[in-house]
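This report goes through one structure, part by part. Keep the sequence and the model in view while reading.

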Amino acid sequence: MSKVMVVTSGKGGVGKTTSSAALGAALAQAGQNVVLVDFDVGLRNLDLILGAERRVVFDLVNVVQGDAKLPQALIRDKRVETLHLLPASQTRDKDALTAEGVERVIDELRERFDWIVCDSPAGIEKGATLAMRHADLAVVVANPEVSSVRDSDRIIGMLDSKTRRAEAGEKMEKHLLLTRYDAGRAARGEMMKVEDVLEILAIPLLGVVSESPDVLTASNLGFPVTLHNPAAPAARAYSVAAKKLLGEEVRAEPAAKRGLMSRLFGRRAAA
Amino acid sequence: MNLLNLFNRSRSAPVARDRLQVLLAHERAFGGDADLAAVLEKEILEVIARHIPVDRDKVLVKLERGDHVSTLAIDIEMPETALARG
């Protein structure tokens with residue numbers, strides 16, 4: 001049974017595309033057949049993060065408008081063969097997407113893939129609402145920072161009212177992915193803690209990704225971080241998140257002999 | 001004093017959390033009716049304009065959000081002639 005998952009946030013620059021690529025790659029590495037769909041029409045970037053920017057021929061808009069067949073537009077990753085990309089158009093704008101066209105493409109993708117990961121554009125306009133429209137579950141990406149948390153709250157409200165599931169009276173499954181976290185600053189009271197954000201947004205926690213140079217290095221090289229350096233804390237956080245999405249029981253990693261702060265926060269960051 | 005300031009400044013996270021909790025409680029309550037203040041202003045002014053001329057530039061609308069109670073204040077400057085006429 002296929003699952004459509006939207007990765008969304010409201011605010012830009014919090015790590016939606018990085019997280020879409022890393023979660024999609026981690027799911028594919030776990031043997032799932034995955035397609036990443038870039039909904040950021042006009043500002044595509046998922047191709048770049050995946051290192052597939054030179055292989056884009058057709059895109060989502062071409063398929064939605066019937067100018068290309070779906071298999072022509074799909075790009076298979078060269079490193080993980082069950083990972084695919086449906087890129088966004090770089091030359092069109094979000095009005096090129098239609099609700100009916102997107103629905104048709106999603107239905108077609110459901111027949112081919114276990115996971116359809118929709119990377120939402122920032123904002124609350126058409127692109128973002130179309131990206132979340134057909135989702136079975138949502139990953140809300142937030143930074144521990146006031147504007148990001150406020151926008152996430154707004155997006156959660158939209159997930160509960162503007163999606164097909166919500167309109168049909170069904171429950172919309174939502175998960176929080178907290179990125180750019182700094183456990184040290186949180187411990188010193190300089191940054192909201194994981195618990196603070198969880199209490200405010202009141203949705204279950206999928207994972208905490210600490211601020212890390214590995215993420216930038218991986219995107220520089222065109223690799224999802226889970227592929228580039230699977231042992232990096234950020235990559236581990238995404239891999240554990242993917243396992244949770246697959247319904248696996250994920251136990252906290254065994255406590256190493258570390259300082260109290262590191263034990264309290266470092267482990268949570270990896271879990 | 002300086003040391004205290006330094007300490008307080010670094011512990012900004014609780015302030016962020018508290019501000020968000022107050023703000024979001026309001027935004028959720030008025031979520032579907034995003035611009036309640038604007039709607040109230042418009043309708044109240046319509047009622048008043050039926051009786052006295054109102055200069056839109058001399059209307060001041062203030063919405064003050066508190067933890068438990070919010071206040072909406074609408075100040076309307078009435079021309080001298082308005083009351084005299086009545």
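How close do the axes of helix α10 of chain A and helix α2 of chain B come, and at what angle do they cross?

The model is predicted. In it, the axes of α10(A), residues 194–201, and α2(B), residues 13–29, come within 10 Å and cross at roughly 15°. Angles under 35 degrees count as roughly parallel, and α10(A) and α2(B) are therefore roughly parallel to each other. The crossing in which α10(A) passes α2(B) is right-handed.

On the α10(A) side, the residues that meet α2(B) are Asp196(A), Glu199(A), Ile200(A) and Leu201(A). Their partners in α2(B) are Arg17(B), Leu20(B), Gln21(B), Leu24(B) and Arg28(B). Sorted by class, this contact has four nonpolar, one polar and four charged residues.

The crossing of α7(A) and α2(B) is right-handed.

Which residues meet here in α7(A) and α2(B)? From α7(A) they are Val146(A), Val149(A), Arg150(A) and Asp153(A). From α2(B) they are Ala16(B), Leu20(B), Leu23(B), Leu24(B), Glu27(B) and Arg28(B). The residues of this contact divide into six nonpolar, no polar and four charged.

## The interface as a whole

Between the two chains, 13 residues of chain B are in contact with 13 residues of chain A. The area buried between chain B and chain A is about 1200 Å², and carbon and sulfur atoms give 56% of it. Ala13(B), Arg17(B) and Leu20(B) supply 37% of the area that chain B buries against chain A, more than any other three residues.

## The sheet of chain A

Strands of a sheet pair through backbone hydrogen bonds, either parallel or antiparallel. Chain A has an open sheet of eight strands with mixed pairing, in the order β3-β4-β2-β5-β1-β6-β7-β8. Its edge strands are β3 (75–76) and β8 (205–210), each of which pairs on one side only.

Within this sheet, β6 (residues 137–142) and β7 (residues 173–181) of chain A run parallel and are joined by six bridges. Ala142(A) stands opposite Leu178(A) in β7(A). Helix α13 of chain A, residues 233–245, packs on the sheet and touches β1 (3–8), β5 (115–119), β6, β7 and β8. The direction of α13(A) makes about 170° with that of β8(A).

What angle do the axes of α1(A) and α13(A) make where they cross? The axes of α1(A), residues 16–29, and α13(A) cross at roughly 65° and come within 8 Å. The crossing is right-handed. In α1(A), the contact is made by Thr18(A), Ser19(A), Ala22(A), Leu23(A), Ala26(A) and Leu27(A). In α13(A), Tyr238(A), Ser239(A), Ala241(A), Ala242(A) and Leu245(A) take part. By class, the contact of α1(A) with α13(A) has eight nonpolar, three polar and no charged residues.

Gln32(A) is found in the loop between α1 and β2 (34–38) of chain A. Not counting residues up to four places away in sequence, Gln32(A) touches Leu27(A), Thr82(A), Asp114(A), Trp115(A) and Leu246(A). The C-alpha atoms of Gln32(A) and Leu83(A) are separated by 8.2 Å, and these residues are 51 residues apart along the chain.

How values were computed:
Residues numbered from 1 in each chain as written. Chains lettered and ligands numbered in written order. Predicted model: local features only at pLDDT ≥ 70, side-chain atom pairs only at ≥ 80, totals over all residues. Heavy atoms only, no water. Pairing = 2+ DSSP bridges. Helix = DSSP H or I, 4+ residues; strand = E, 2+ residues; numbered from the N terminus. Contact = heavy atoms within 4.5 Å. Axes fitted to C-alpha atoms, helices over the stretch in contact; angles between N-to-C directions. Parallel < 35°, antiparallel > 145°, perpendicular 65-115°, else oblique. Left-handed = near helix turned anticlockwise from the far one by under 90°. Nonpolar A, V, L, I, M, F, W, Y, C, P; charged D, E, K, R; others polar. Buried area = accessible area lost by both parts, 1.4 Å probe.
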